[in-house]
Amino acid sequence: MADGIEVQFDATVPTIGDRVVQTAAKLVLEPIFEADFEDSAYGYRPRRGAGDAIKEVHRLLCRGYTDVVDADLSKYFDTIPHAELLRCVARRIVDGEVLRLIKLWLKMPIEERDADGKRRLTGGKRSRCGTPQGGVVSPLLANLYMNRFLKHWRFTGCGEAFRAQIIAYADDFVILSRGHAVEAMMWTKAVMTRLRLSLNEAKTSIRDARKERFEFLGYSFGPHYWWKNGQRYLGASPSKKSVQRIKAKISDLLVPGNKGSWPDVHDRLNRLLSGWSAYFSHGTRVPAYRAIDAHVYDRVRNFLCRRHNVSRRGTSRFSFGDVFEELAVPHLMSAHNGRPPWVVR
């Protein structure tokens, strides 16, 4: 999970020695490449994060950039061409030993397991594309190649031509336009083909954010309605998938088979809720917070009833106040400041 975002992939974990060398290389290379990175890129960068990208998307929607290309690249990390990526590196790095080392990392054999648990090797010297996911330097290299697309967008004046702006987090990006989403998507598809990348046709779509929602970085953007008076506004809120994921994690932690002590379980639960609420602290949060608070109370109460052999539901022994006040389990709604959800900070 990065900045609260769950991403599924077959990660490879380098040896300790490789990680030390890659970390040292990243400390040297990152400031050099950072000078070239576009402002529209937010993923895996110092002093930037998913929260900044989320706020910028919300701000642009409220400024009228409501015709949206919700883009998804097909297996981006697995399809980055080595030759083109190394040319990107060589534009800023002239040390032959460093270039050789990066090439070796790209050609590193990867051990994976299939559905039956059998081991197989991929990558290696004959591989021509892909960056090993799980490597310390891989996100930096992925950003470097994606920067070609972002720079080309700016140099060709697409922002002005399409009246649009891009917000990117690694390979996940959206294009927010004022009336030219179709043209922006066609241009993007053509450029990605030239970069030897491809859009996932099944997951890439055009949305009118004034009428329908789209999801980006765990948030749902689009039309919302304020519960007090039904006022319609363009909002941002935790997506249904994000709420379901945190509920599932809470349930997994508080399963009957968990034999850990309550203090240990309590600490793990608090870290889980604190991290989730810190990430999902922008926009409309009341419905999600209420749903999670109710789920937490139900799971904690059942967990403690089993521990203490309490019959029935245990609502008298472990009341709402007992769980969230005496036991000090985080109550998300208590942290909600109640500002109108259309107020963009």
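Is cysteine 305 buried or exposed, and what is its relative accessible area? Cysteine 305 is buried, with a relative accessible area of 7%, where buried means under 20%, exposed means over 50% and partly exposed lies in between, using a 1.4 Å probe and protein chains only. Before I go on, please keep in mind that this is a predicted model, in which local features need pLDDT of at least 70 and side-chain atom pairs count only at pLDDT 80 or more, while totals for chains, interfaces and linings use all residues. Residues are numbered from 1 along each chain as its sequence is written, and side-chain values use heavy atoms, with hydrogens and water left out.

Staying with cysteines for a moment, cysteine 129 is partly exposed at 38%, and a search of the whole structure finds zero disulfides, a disulfide being a pair of cysteine sulfur atoms within 2.5 Å.

Let me turn to the helices, which are DSSP runs of H or I with at least four residues, numbered from the N terminus. Helix H10, residues 262–279, packs with helix H11, residues 286–307, at an angle of about 175°, and their axes are 13 Å apart; axes here are lines fitted to C-alpha atoms over the stretch in contact, and angles run from 0 to 180 degrees between N-to-C directions. The two helices are therefore roughly antiparallel, a word used for angles over 145 degrees. Among the residues making this contact are Trp262 and Leu269 of H10, and Ile292 and Phe303 of H11, where contact means heavy atoms within 4.5 Å.

Next come the salt bridges, each a side-chain nitrogen of Lys or Arg within 4 Å of a carboxyl oxygen of Asp or Glu, and by this rule the count comes to 14. Glutamate 30 pairs with lysine 26, the closest N and O atoms being 3.2 Å apart, and both residues lie in helix H1, four residues apart, about one turn of the helix. In general, an α-helix has 3.6 residues a turn, so residues three or four places apart point the same way.

Glutamate 38 and arginine 154 form another salt bridge, with the closest N and O atoms 2.6 Å apart. This pair links distant parts of the chain, since glutamate 38 sits in the loop between H1 and helix H2 and arginine 154 in helix H6, 116 residues apart. Glutamate 38 is buried at 8%, whereas arginine 154 is partly exposed at 44%. Finally, salt bridges that share partners join Glu38, Lys151 and Arg154 into one network.

Notes:
Angles under 35 degrees count as roughly parallel, over 145 as roughly antiparallel, 65 to 115 as roughly perpendicular and the rest as oblique.
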